[in-house]
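Let's take a look at this one together and ask what stands behind each label.

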Amino acid sequence: ENALPLAFEYVLGHITKQPKLVRLDVDSKNDWLKAYYSLWPGAYSKIFNTAGRSWVSEVFANSVESVLQKSEESLLWSDVNRGKWICPSEAYIYKYDSTLPRDIQNNTVQLLLAKGYNIINIEHSQHVARLLH
């Protein structure tokens, strides 16, 4: 029952073990992370919503959600300490608020990172935030 979600967790964990991301510039890193998080369930669920197959993505997403929430694999990127991969249980997900000025939010995130908090910025990947909560 959990074989496919566990295999999915393994694949994500393998991807995050590649050292390339740490050396990328900010724009390239953001593009890479956006592509990485697009692999997570939720981003592609519309693919299965044709011909009555939406249950496939729902069942898979629910199974993967359970596995990834409890994962001890380092699956999430944080810019803390010049950047590192961390497991979901160590992560603080920061959701940007459209009612607050962007510079105040950015300064808040930088302060929290400087204090050692494992802040995860998945602004462009809200499906990941929903999956982990």
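Q: How many helices and strands does the chain have, and in what order do they run?
A: This is a predicted model, and its chain has 5 helices and 4 strands. Starting at the N terminus, the elements follow the order α-α-α-β-β-β-α-β-α.

Q: How do you know what span to expect for helix 4?
A: Helix 4 covers residues 102-114, which is 13 residues. The expected span is 1.5 Å times one less than the number of residues, and for helix 4 that comes to 18 Å. From first C-alpha to last, helix 4 reaches 18 Å, so the value is close to the expected one.

Q: What makes Q105, V109 and L113 buried?
A: Buried means under 20% relative accessible area, and Q105, V109 and L113 in helix 4 are buried by that cut-off.

Q: Why are these three said to lie on the same side of helix 4?
A: Because they cover an arc of only 75 degrees around the axis, they sit on the same side of helix 4. What covers the buried residues of the helix includes strand 1 (76-78), strand 3 (92-94) and strand 4 (119-121).

Q: Which exposed residues does the face turned away from the buried side carry?
A: That face of helix 4 carries N107, L111 and A114; exposed means over 50% relative accessible area.

Q: What follows helix 4?
A: Next comes G116, with a positive phi near 95 degrees.

Q: What share of the chain is buried?
A: Of the 133 residues in the chain, 35% are buried.

Notes: Residues are numbered from 1 along each chain as its sequence is written. This is a predicted model: local features need pLDDT of at least 70, side-chain atom pairs count only at pLDDT 80 or more; totals for chains, interfaces and linings use all residues. Side-chain values use heavy atoms; hydrogens and water are left out. Helices (H or I, at least four residues) and strands (E, at least two) are DSSP runs, numbered from the N terminus. Buried means under 20% relative accessible area, exposed over 50%, partly exposed in between (1.4 Å probe, protein chains only). The arc is that of the directions from the helix axis to the C-beta atoms. Contact means heavy atoms within 4.5 Å.
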